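Subject: Structure handover

Hi,

Here is the structure you will be working with. Please open it first, then read my notes below with the view beside you.

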Amino acid sequence: MNPNAARITAPGFRPETLRATRPRETLATGLASLDAIIDGFPRGAISEIIGPESSGRTTLIHSLLAASTSNLEICAYVDTCNSFDPVSAAAAGVALSQLVWIRCGSNASHALKAADYLLHAGGFGAVVLDLCQIAPRDANRIPVSYWYRFRLALENTPTILALVEKHPLAKSCATLMLEMNRKKTTWAGAPGFELLREVELEATPRKPIRPIPASFKAKALG
Amino acid sequence: MFACIHNPGADLSAIAESFSPSFEQTAPGTIVFRIDGLSRLYGTHHQIAQAIAKKAGAGANVAIAETADAAIIAAHNFQGVSISPNLDQLDIASLPMEQEMWEVLETWGIHTLSQLAALPEAGIAERFGPAGVHLQRLARGATNRPLKIFKPEVIYEDRIQLDHPVSLLEPLLFLIARILNDQCDKLLSHAMSANEITIHLELDDKTQHIRTLRLPVPMRESKSLLKLLQMDLEAHPPQAATMALSIILKPVHPRTIQAGIFLPITPAPDKLELTLARIRAIVGEANVGIPELLNTHHPHPFRLINQQPRITSHQPPATSHAFRFFRPPITAKIDLTHHRPTHITAPGINGKILTATGPWRTSGDWWTTHQWNRDEWDITLSTSVLYRIYREPNDHWFIEGTYD
């Protein structure tokens, strides 16, 4: 190194100090066991909820939307494959009048554009991008630049962007990643006349890594 | 002092404007205004009345009185010009009263205004309430109220006739922007907003292309309105080149809300409407809105309404198992053993059914043409996925969705 070269940084300069270090705001889901582990969903960041079918991803998203709408916030649900069920969302406590529902007709490109408009409009408490039912081939074709763009749009806003999918997509752009799993299914009634009563779900934080998963029960619709 | 002109069937606003900039149009054909400042121009009250009568023309009654109401009563009951006339002997029917009250006063032997004015006020209040007291004050000439100043209705409309037909949207938008800028400035100067905007395009093929946008929130920002019109015209373009265009804005009072310092931030209504319009342009108009539950037992008891979200009272969150629909439902082939599903085969779904509960028979709307009737089952596959399946009366099986 040439000792005569001009210094462009002051001695003791650390780039990481440029970023604001104030603690990130979070929104508690109302699920005590999960909130105890992750301290709620981070605002101004991307959160990913992953897992196979019937693992409880949508149940957790409904809890997040219910918590946000009960906080008098406006939320949006970008429904890529028209799979949203308002009845079970209302049963989970989501105030439907505070929820914008966007049906994208199985077109992931439309869903990403809609989410982009919503994030740039600002003012939403939570924006859910539901990519659960798109084909893996289409999921893998989503440009990574979208996630960087979303992360930048979210910075310094109170909005939570929750991605619901089978496999991680945002990866390094996500601040929180929860892997869902169904532990137990409880049926009620005599054999041959059983009724789905409740399920026990398990959320394992993959980012940040937590060794103990959070378990919670969800009652079946009456 | 006040002057009143009464001439049924005549437009008196222009005559009143030539004497006073502010006047009250009490009824069609009746106008009242102050004459206090006119004495230096015309002279005495009699000369002022003559000047008004000259402008009002033959057939008009002109009355000058101490109060506005006395002038109105005099103009309705005295022909020609009358200056501070004596109203004592006028019939009580000349007052604006209900038939029932008139009949009661007649039975009391009260026929003239002076007789009504002489009655004790406490007794009138006890028998007729505030309306009776007001009538008695009219009869005494004791009312002193400010005039309800007449404001002509402002029409927010403009039209441009083109020399040459315009077939492209972009040059047309320049013309639309010109009209919108003027009209929005006009709205702002009158402290109004618009909740409906209509654009008429007169086309080259002698037809008209009319589009009306109903805005969920009153707006007056020309840029937002222009963008909404642009997206609407892109979605519904005219079939021929444009020869003339006109824009009409429907004025309403702007929405005023009290923002709370501790309330969470919500999207600005005009910005949200613009965002939703952009999204509608991508996914279709029928696919954006807020969900609303319907009071029915139908399997899909909800609809999507084209409305902006609004804060309402909420119910406490409760952890409830969610359901996801397959839209449209997936056709499946189900193997039955002892009338119970044991195996499922469908595109992308194949496996042995471990648990099957049902059938839960539901039906409805049999009194309409949209009758539905089905047997529902909840099943668990060997892949541990929970599905809801149903069978229609024609023995066709469908997978409705998953519990997730």
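**A strand pair in chain B**

Ile389(B) stands opposite Ile399(B), a residue of S17(B). That is one spot in a longer pairing. Strand S16 (residues 386-391) of chain B runs antiparallel to S17(B), and 5 bridges join the two. Keep in mind throughout that this is a predicted model.

**The barrel**

Where do these two strands belong? They are part of a barrel in chain B, closed by 6 strands in the order S12-S13-S14-S15-S16-S17. The pairing in the barrel is antiparallel. From one strand to the next, the twist averages 45°.

Pro328(B) lies in strand S12 of chain B. Asp365(B) is in the loop between S14 and S15 of chain B. Its phi is positive, about 50°, although Asp365(B) is not a glycine. To be called buried, a residue needs 20 or more.

**Chain B as a whole**

Chain B has 11 helices and 17 strands. Its radius of gyration is 36 Å, whereas the globule rule gives 22 Å for 404 residues, so chain B is more spread out than a compact globule. The C-alpha trace of chain B spans about 105 × 65 × 50 Å along its principal axes. Buried residues account for 30% of the 404 residues. Now take the contacts in chain B between residues at least 6 apart in sequence. Of these, 56% join residues at least 24 apart.

Next, look at the open sheet. It has 10 strands, in the order S10(A)-S9(A)-S8(A)-S3(A)-S7(A)-S6(A)-S4(A)-S5(A)-S10(B)-S11(B), with mixed pairing. Which strands stand at the edges? They are S10 of chain A and S11 of chain B. Each has a single partner strand, so one side of each is left without a neighbour in the sheet. The twist in this sheet averages 25° from one strand to the next.

Within chain A, S6(A) runs parallel to strand S7 (residues 160-165), and 5 bridges join them. Leu129(A) has Leu163(A) in S7(A) as its bridge partner. Helices pack on this sheet too. H4(A) touches strand S4 (75-79), S5, S6 and S7 of chain A, and its direction makes about 175° with that of S6(A). Helix H6 (residues 145-154) of chain A touches strand S3 (45-50) and S7 of chain A. The direction of H6 makes about 130° with that of S3(A).

Where does the sheet pass from one chain to the other? Strand S5 (residues 99-103) of chain A pairs with S10(B) in the antiparallel sense, over 2 bridges. Here Ile102(A) stands opposite Val288(B) in S10(B).

**The contact between the chains**

In total, 51 residues of chain B are in contact with 65 residues of chain A. Several elements of chain B give two or more residues to this side, among them helix H11 (269-283), strand S10 (288-293) and strand S12 (323-337). H11(B) gives the most, with 7 residues. By class, the chain B side has 27 nonpolar, 16 polar and 8 charged residues.

**Two loops in chain A**

Ser106(A) is in the loop between S5 and helix H4 (108-121) of chain A. Its phi is near 60°, a positive value in a residue other than glycine. Most residues other than glycine have a negative phi, and most peptide bonds are trans. Ser106(A) has 17 C-beta neighbours inside 10 Å, so it counts as partly exposed.

Pro208(A) is in the loop between strand S9 (195-207) and strand S10 (214-219) of chain A. The peptide bond from Lys207(A) to Pro208(A) is cis, with omega near -5°.

**Confidence in chain A**

Chain A averages a pLDDT of 89, and 90% of the residues score at least 70.

Best wishes

Methods: Residues are numbered from 1 along each chain as its sequence is written. Chains are lettered from A and ligands numbered from 1 in the order in which they are written. This is a predicted model: local features need pLDDT of at least 70, side-chain atom pairs count only at pLDDT 80 or more; totals for chains, interfaces and linings use all residues. Two residues are in contact if their C-beta atoms, placed from the backbone, lie within 7 Å. Helices (H or I, at least four residues) and strands (E, at least two) are DSSP runs, numbered from the N terminus. Ala, Val, Leu, Ile, Met, Phe, Trp, Tyr, Cys and Pro count as nonpolar, Asp, Glu, Lys and Arg as charged, and the others, Gly among them, as polar. Two strands pair if DSSP finds at least two bridges between them. Axes are lines fitted to C-alpha atoms, for helices over the stretch in contact, and angles run from 0 to 180 degrees between N-to-C directions. A residue is buried if 20 or more other C-beta atoms lie within 10 Å of its own, exposed if 12 or fewer, and partly exposed in between; C-beta atoms are placed from the backbone. The radius of gyration is taken over C-alpha atoms; the globule rule is 2.2 Å times the number of residues to the power 0.38. pLDDT is the predictor's confidence in each residue, from 0 to 100.
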